[in-house]
Amino acid sequence: MAEQRLVTRTQFPASAESLKPRLKKAPEFPILEKQNWLIHLHYIRKDYEACKDVIKEQLQETQGLCEYAIYVQALIFRLEGNIQESLELFQTCAVLSPQSADNLKQVARSLFLLGKHKAATEVYNEAAKLNQKDWEICHNLGVCYIYLKQLDKAQDQLHNALHLNRHDLTYIMLGKIHLLEGDLDKAIEIYKKAVEFSPENTELLTTLGLLYLQLGIYQKAFEHLGNALTYDPTNYKAILAAGSMMQTHGDFDVALTKYRVVACAVPESPPLWNNIGMCFFGKKKYVAAISCLKRANYLAPFDWKILYNLGLVHLTMQQYASAFHFLSAAINFQPKMGELYMLLAVALTNLEDTENARRAYTEAVRLDKCNPLVNLNYAVLLYNQGEERGALAQYQEMEKKVNLLKDSSSLEFDPEMVEMAQKLGAALQVGEALVWTKPVKDPKSKQRTTSTSKAASFQQPLGSNQALGQAMSSAAAYRKLPSGAGGTSQLTRPPSLPLEPEPTVEAQPTEASAQIREK
Amino acid sequence: MAAASSSDSDSGRAESSEASSKWLDAHYDPMANIHTFSACLELADLHGDGEYKLVVGDLGPGGQQPRLKVLKGPTVLSESPLPALPAAAATFLMEQHEPRTPALALASGPCVYVYKNLRPYFKFSLPQLPPNPLEQDLWHQAKEDRIDPLTLKEMLEGIREKAEVPLSAQSLRFLQLEPSEMEAFVNQHKSKSIRRQTVITTMTTLKKNLADEDAVSCLVLGTENKELLVLDPEAFTVLAKMSLPSVPVFLEVSGQFDVEFRLAAACRNGNIYILRRDSKRPRYCIELSAQPVGLVRVHKVLVVGSNRDSLHGFTHKGKRLWTVQMPAAILTMNLLEQRSRGLQAVMAGLANGEVRIHRDKALLSVVRTPDAVTSLCFGRYGREDHTLIVTTRGGGLIIKILKRTAVFVEGGGEAGPPPAQAMKLNMPRKTRLYVDQTLREREAGTAMHRAFQADLYLLRLRAARAYAQALESSLSPVSATAREPLKLHAVVQGLGPTFKLTLHLQNTSTARPILGLLVCFLYNEGLYALPRAFFKVPLLVPGLSYPLETFVESLRDKGVSDIIKVLVLREGQSAPLLSAHINMPASEGLAAA
């Protein structure tokens with residue numbers, strides 16, 4: 001026994017073993033895949049330096065024949081951003097073993113990352129011939145077709161991928177296609193299925209919530225955003241969207257508490273500071289509002305919504321000259337919004353530049369289709385200028401819009417605006433304005449609770465119209481009316497622009513289309 | 001608000017101290033020089049004396065000196081060099097009879113080395129893979145000199161591209177050779193038979209026929225050629241062979257070989273395949289769409305860590321149960337089993353130096369270590385039942401003992417709202433100046449606005465005038481005419497009194513070269529001297545920037561400086577195409593001159 005053991009022991013060390021063949025003429029060849037497992041372990045543990053060392057060693061030993069070492073080296077190159085190098089290495093792999101679908105997949109992936117979508121689809125199709133049941137190939141082909149703007153083909157491929165194996169990513173891409181096509185309902189359908197399949201994916205939940213928000217289905221939106229926040233209480237998008245919804249409901253303190261989490265995670269987010277600013281605005285802390293909005297503006301100087309809010313807050317602070325600058329900047333970025341011109345006109349009126357104010361109003365009236373405030377304010381200006389006929393025309397225009405709004409929705413009007421309109425009506429001797437009968441009944445109870453009591457039906461997608469209305473009515477009230485109205489008016493609600501939903505839901509599709517255009 | 005935050009942080013501190021108090025720090029050696037993976041860590045009663053040792057298949061620093069280390073307590077009991085890097089270590093009982101000391105198996109390269117009583121006992125080599133018959137035939141022909149090296153190469157190339165069975169290392173090397181070296185290579189190697197060997201990538205144990213803790217176990221090997229082998233514990237013959245679609249990285253087995261077992265194999269393609277006793281091919285497949293970094297079975301749940309920093313729980317049929325996001329990359333995972341309390345949980349070692357212990361979704365405890373955790377192991381060590389062994393990236397070894405009174409409760413980690421919610425917002429401050437300005441604007445807003453507008457008009461007017469003037473006199477450094485699109489910029493180098501003036505002239509048209517240009521300098525001759533004030537420009541190829549150098553000598557020593565005008569002209573035209581004004585620096589080298 002002891003002898004036997006001794007014998008085995010002498011056989012044991014490899015040095016003794018490897019010496020023998022070396023003495024002969026023909027040397028033993030090292031096993032090519034000897035350290036593949038080690039390369040792989042280092043790779044998945046993200047220890048890329050160690051990984052590269054092993055790869056180098058193994059490639060030297062096998063004179064560049066070890067396919068897996070090259071493969072991982074290429075993967076690392078790609079992670080480091082050297083996509084061209086990675087592509088070349090993957091092509092080497094594909095030469096070393098031409099029957100492997102995986103190598104082709106990686107070649108295609110690198111091509112895709114280089115923006116060569118056409119070439120990528122060709123290689124993916126090649127790979128699909130070798131392996132027909134791979135969801136990844138179908139999925140990536142679908143993504144390539146999205147970039148090539150062949151949305152039908154993309155849909156087919158993505159549905160194929162789902163058929164083979166369901167993955168969250170595929171659902172997300174399918175949803176994006178529907179968004180690109182502008183079909184919100186279909187997108188929601190897809191995301192609903194996706195959420196059913198993986199109910200804990202916060203990205204899916206958030207996106208679905210934002211889509212509902214866009215459609216104005218606030219109950220469901222809040223439900224999904226809330227779910228997302230349960231699973232990930234620090235989800236940036238979900239917090240911003242949920243916070244903006246809270247803001248529209250007037251829960252500024254709750255929203256602010258939520259924003260703190262985001263402020264910690266993404267301190268340089270312009271929409272975040274915009275929303276915080278508007279929270280303070282709602283709480284009537286105007287100075288804080290201005291400083292937060294200015295930070296937002298500093299972070300995103302080209303965002304017209306922030307400029308709009310800044311203009312609004314400055315109007316409230318009676319800083320008309322500053323308001324003018326912010327509003328005119330906003331108009332430069334967004335020249336198609338009637339309300340902006342109206343605010344500009346209010347600023348100009350207060351700066352005693354009636355002529356330009358009137359021109360701004362004309363533009364506002366031309367652009368705006370549904371906001372009665374635009375006409376009301378214009379009418380007030382005209383009336384103050386002594387042009388009763390023009391004022392009357394605007395007043396009637398306003399009544400038309402009001403009637404239209406009343407028919408289309410159960411929207412309630414800001415009591416302040418109603419009061420102003422009635423005063424103007426009296427001054428113009430139009431008689432009792434019938435249009436207001438309904439809201440005027442109990443204007444007081446609505447002073448603060450308008451939004452909370454009728455939340456679902458009340459809000460409009462952008463949320464800003466309403467806010468604007470309020471702001472405008474207050475601005476209108478600054479004007480001295482002959483009837484002695486006016487005085488200091490209070491802003492009941494701030495414009496809580498759900499800024500985030502827009503960028504998150506829409507920005508991605510537009511990004512994609514932008515890339516396509518570049519191609 | 002302040003009170004709330006302080007109480008919060010208090011509770012946080014209490015929590016962490018409570019969590020750490022579950023563990024006794026038994027040993028910490030940052031220089032233990034142990035570099036290994038969880039697969040190469042094993043706790044076992046190697047000598048049958050009830051004193052459990054730690055077996056480490058050590059890669060050595062930089063993976064250079066593989067060693068087998070056995071530790072008892074904090075000290076290294078024995079250390080022996082290994083022939084190759086160890087891929088996995090396992091201890092198992094080979095036979096029924098007493099004394100029941102477990103054998104130690106170390107997988108390395110194509111072999112499993114089996115030790116008993118820490119002495120080499122047996123070496124198992126993976127069976128040779130069947131060579132490609134065509135390839136074998138070709139080399140046979142070569143041996144009999146019926147085929148010349150070039151044809152051999154062509155034929156082998158053909159096989160490589162089409163065949164299912166890959167070529168041997170010998171043929172692959174041959175294909176890489178230069179034609180001149182082929183002859184010698186063939187002569188040297190033709191007499192050898194073709195051999196194909198594969199490598200073990202992972203190894204685990206599987207009970208043979210009893211579920212007892214001290215029952216005889218088989219070794220289960222995963223190999224580089226996508227196969228799983230089950231070895232007989234006594235005879236070391238291959239009992240079963242299963243094939244996978246990819247190379248296995250981690251294995252997890254439950255059940256008994258002779259009765260029924262389930263085998264989960266995490267593979268390099270990011271999928272996890274689940275096999276059963278009677279299946280030669282995978283029954284279920286879990287597609288992670290990321291790389292698995294660890295696979296642990298907790299009761300009936302397969303817990304997988306992915307390289308996207310998340311833990312997933314799956315059933316044995318591949319249905320996803322839950323997902324937990326980790327704060328950092330997962331480096332390694334292992335099972336924590338506290339038999340006395342019937343607790344099984346998964347430990348995940350993270351790149352940020354934490355070890356997180358999860359039971360399903362719930363975080364039970366967080367152990368913080370000073371470095372990134374590379375391997376983990378929990379079990380009986382020495383005479384202590386519940387010991388946690390941790391090795392860190394720098395080669396450190398940490399041994400912690402779980403207190404006998406310690407009870408893991410859910411929510412031992414983080415719960416409730418994220419801590420950031422209690423932080424105060426970083427609000428920009430309002431300044432005195434700001435308030436003053438606001439007040440002033442309120443008082444005199446209209447005046448400010450008017451003044452601003454008036455100034456703005458003036459500014460625009462001036463800008464327009466200057467622009468018009470520049471256009472009229474070709475003063476701009478960029479010429480946009482269709483025939484001669486040119487760009488000019490000038491650099492002045494030197495301290496004086498002699499300066500070097502370099503004009504960079506670029507033809508910005510896409511295709512057409514420009515010929516027949518002249519450069520002219522206008523300067524105050526009392527101040528500066530130039531060797532040539534007027535010269536011809538060579539042909540300008542589109543796109544290239546031509547540096548045209550000239551020296552400028554400053555003649556005055558009073559530190560005066562002036563403007564030099566550069567005009568680019570076309571031959572036969574008096575109006576310049578473009579011009580530049582160069583503000584010469586004051587000469588600083590005058591004192592010396």
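How many helices and how many strands does chain B have? Chain B has six helices and 37 strands, where helices (H or I, at least four residues) and strands (E, at least two) are DSSP runs numbered from the N terminus.

**Notes for every view.** This is a predicted model, in which local features need pLDDT of at least 70 and side-chain atom pairs count only at pLDDT 80 or more, whereas totals for chains, interfaces and linings use all residues. Residues are numbered from 1 along each chain as its sequence is written, chains are lettered from A and ligands numbered from 1 in the order in which they are written, and side-chain values use heavy atoms, with hydrogens and water left out.

**View 1. The two chains and their surfaces.** Chain A, by its secondary structure, has 30 helices and zero strands. Of its 519 residues, 55% count as buried, while in chain B the figure is 49% of 593 residues; buried means under 20% relative accessible area, exposed over 50%, and partly exposed in between (1.4 Å probe, protein chains only). Chain A exposes about 23000 Å², of which carbon and sulfur atoms supply 52%, and chain B exposes about 28500 Å², with 53% supplied by carbon and sulfur atoms; these accessible areas come from the Shrake-Rupley method with a 1.4 Å probe, and for residues only the protein chains shown count as cover.

**View 2. Confidence along chain B.** The mean pLDDT of chain B is 83, and 92% of its residues reach 70 or more, pLDDT being the predictor's confidence in each residue, from 0 to 100. Over residues 1-16 of chain B the pLDDT is below 50, and this stretch has eight contacts in the model beyond near neighbours in sequence, a contact meaning heavy atoms within 4.5 Å. Where pLDDT is low, the predicted coordinates should not be read in detail. By element, confidence in chain B is lowest in helix α1 (residues 2-21), at a mean of 44, and highest in strand β19 (residues 301-306), at 92. The model as a whole scores ipTM 0.73 and pTM 0.69.

**View 3. Helix α5 of chain A and its packing.** Helix α5 (residues 67-79) of chain A has 13 residues and reaches 19 Å from its first C-alpha to its last, close to the 18 Å expected at 1.5 Å a residue, the expected span being 1.5 Å times one less than the number of residues. Ten of the 13 residues of α5(A) are buried, so this helix is largely enclosed by the rest of the structure. Among the buried residues are Tyr68(A), Val72(A), Leu75(A) and Arg78(A), and the buried residues pack against α3 (36-44), α4 (48-62), α6 (83-96) and α7 (101-113) of chain A. After α5(A) comes Gly81(A), whose phi is positive, near 95 degrees.

**View 4. The nonpolar cores.** The largest nonpolar core has 204 residues, and those with the most contacts inside it are Trp37(A), Val72(A), Tyr259(A), Ile276(A), Leu156(B), Phe174(B) and Leu311(B); such a core is a set of buried Ala, Val, Leu, Ile, Met, Phe, Trp, Tyr and Cys residues joined through side-chain atoms within 4.5 Å. A second, separate core of 28 residues includes Phe521(B), Tyr523(B), Leu527(B) and Val552(B).

**View 5. Asn271(B) in its strand.** Asn271(B) lies in strand β16 (residues 271-276) of chain B and, at 12% relative accessibility, counts as buried. Its side chain is joined to that of Tyr273(B) by a polar contact of 3.1 Å, that is, a pair of N or O atoms within 3.5 Å, of which, within protein, one must be able to donate a hydrogen and the other to accept it, residues adjacent in sequence counting only if both atoms are side-chain atoms.
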